Each structure stands twice: as structure tokens, then as C-alpha cells.
Amino acid sequence: MDDAVPETPPVAEEEPAYDPAAPAPLNVPRMPTGDAGVDAALDRLGDADHLATDGHLEVYEDVHRGLRDALTALDVRPGPPVPARHPTTTPQRDPSGRPL
């Protein structure tokens, strides 16, 4: 008597059904700007490629915050020094002609 169990053929794996909410890379090219903070924020957009659509909002808000911070930093940078006012040799007078 043969107690061997006949082998069953392997079952082929089915391809998953199309899911529009599944992560899919957008493959949008991002060019470097030369500003490290802006480039880091734009690179962060690539994280959305690996998330379901309901996770994109957190990435977009983070990128927006980073870009807003970079723009705000531009406003607080000191500009070129203002030239000092040179004293004049002629005394300044008020409208009535008196020295100031």
C-alpha cells in the first residue's frame, strides 16, 4: 500500500485588483534650486509616492510649512549696510534761518 499523497500543483498568485487609492509614484521631476532648505522640502514630496492618498495631506502640509519658513527667513536676513550719513561742512538751519 502506498501512503504517499499526490502533490497538488502550486496555485498561481492572482494580481491584486486595481486600487486608485493605492500608493503610486507620480514621477514628477524636481529640479534643485540651490537653496538647501527649499530642496529638502521639495525632496520631501517624494515621500507621498509611497503613501496612500489619505497620507498625502500630512506630507503636503509639511512641505508647505518648510517652504513658508524658507520665505519667512528671507524677510529677516539683514540687507546691505546702510551708508553712514556724512556730516556736512555747512551748518544746517531750520526754516527760520537759525542753526540746528
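**Exercise 1. Find which exposed residues lie on the face of helix 1 turned away from its buried side.**

Step 1. The face of helix 1 pointing away from its buried side carries Ala-36 and Asp-43, both exposed. Exposed means over 50% relative accessible area, buried means under 20%, and partly exposed lies in between (1.4 Å probe, protein chains only). Helices are DSSP runs of H or I with at least four residues, strands are runs of E with at least two, and both are numbered from the N terminus.

Step 2. Note the source. This is a predicted model, where local features need pLDDT of at least 70, side-chain atom pairs count only at pLDDT 80 or more, and totals for chains, interfaces and linings use all residues. Residues are numbered from 1 along each chain as its sequence is written, and side-chain values use heavy atoms, with hydrogens and water left out.

Step 3. Turn to the buried side. Val-38, Asp-39 and Ala-41 are buried in helix 1. They cover an arc of only 160 degrees around the axis, so they sit on the same side of helix 1. The arc is taken from the directions that run from the helix axis to the C-beta atoms.

Step 4. Look for the cover. Helix 2 is among the parts that cover the buried residues of helix 1.

**Exercise 2. Describe helix 2: its span, its buried residues and its exposed face.**

Step 1. Start with the span. Helix 2 has 21 residues and reaches 31 Å from its first C-alpha to its last. That is close to the 30 Å expected at 1.5 Å a residue. The expected span is 1.5 Å times one less than the number of residues.

Step 2. List the buried residues. They are His-56, Val-59, Val-63 and Ala-70. Seen down the axis of helix 2, they fall within an arc of 75 degrees, so they line one face.

Step 3. Take the face turned away from the buried side. Leu-57, Glu-58, Asp-75 and Val-76 are the exposed residues there.

Step 4. Check the cover again. Helix 1 is included in what covers the buried residues of helix 2.

**Exercise 3. Trace the salt bridges of Arg-44.**

Step 1. Apply the rule. A salt bridge is a side-chain nitrogen of Lys or Arg within 4 Å of a carboxyl oxygen of Asp or Glu. The count by this rule is four salt bridges.

Step 2. Take the partner Asp-47. Its side chain meets that of Arg-44 in a salt bridge of 2.7 Å, N to O. Asp-47 is partly exposed, at 36% relative accessibility. Arg-44 is partly exposed too, at 23%.

Step 3. Take the partner Asp-62. The closest N and O atoms of Arg-44 and Asp-62 are 2.6 Å apart. Arg-44 lies in helix 1 (residues 36-44) and Asp-62 in helix 2, so this pair ties together parts 18 residues apart in sequence. Asp-62 is partly exposed, with 29% relative accessibility.

Step 4. Join the pieces. Arg-44, Asp-47, Asp-62 and Arg-65 are linked in a network of salt bridges.

**Exercise 4. Summarize the protein chain as a whole.**

Step 1. Count the elements. The protein chain has two helices and zero strands.

Step 2. Of the 100 residues in the protein chain, 11% are buried.

Step 3. Among contacts (heavy atoms within 4.5 Å) with a separation of 6 or more, 30% join residues 24 or more positions apart.
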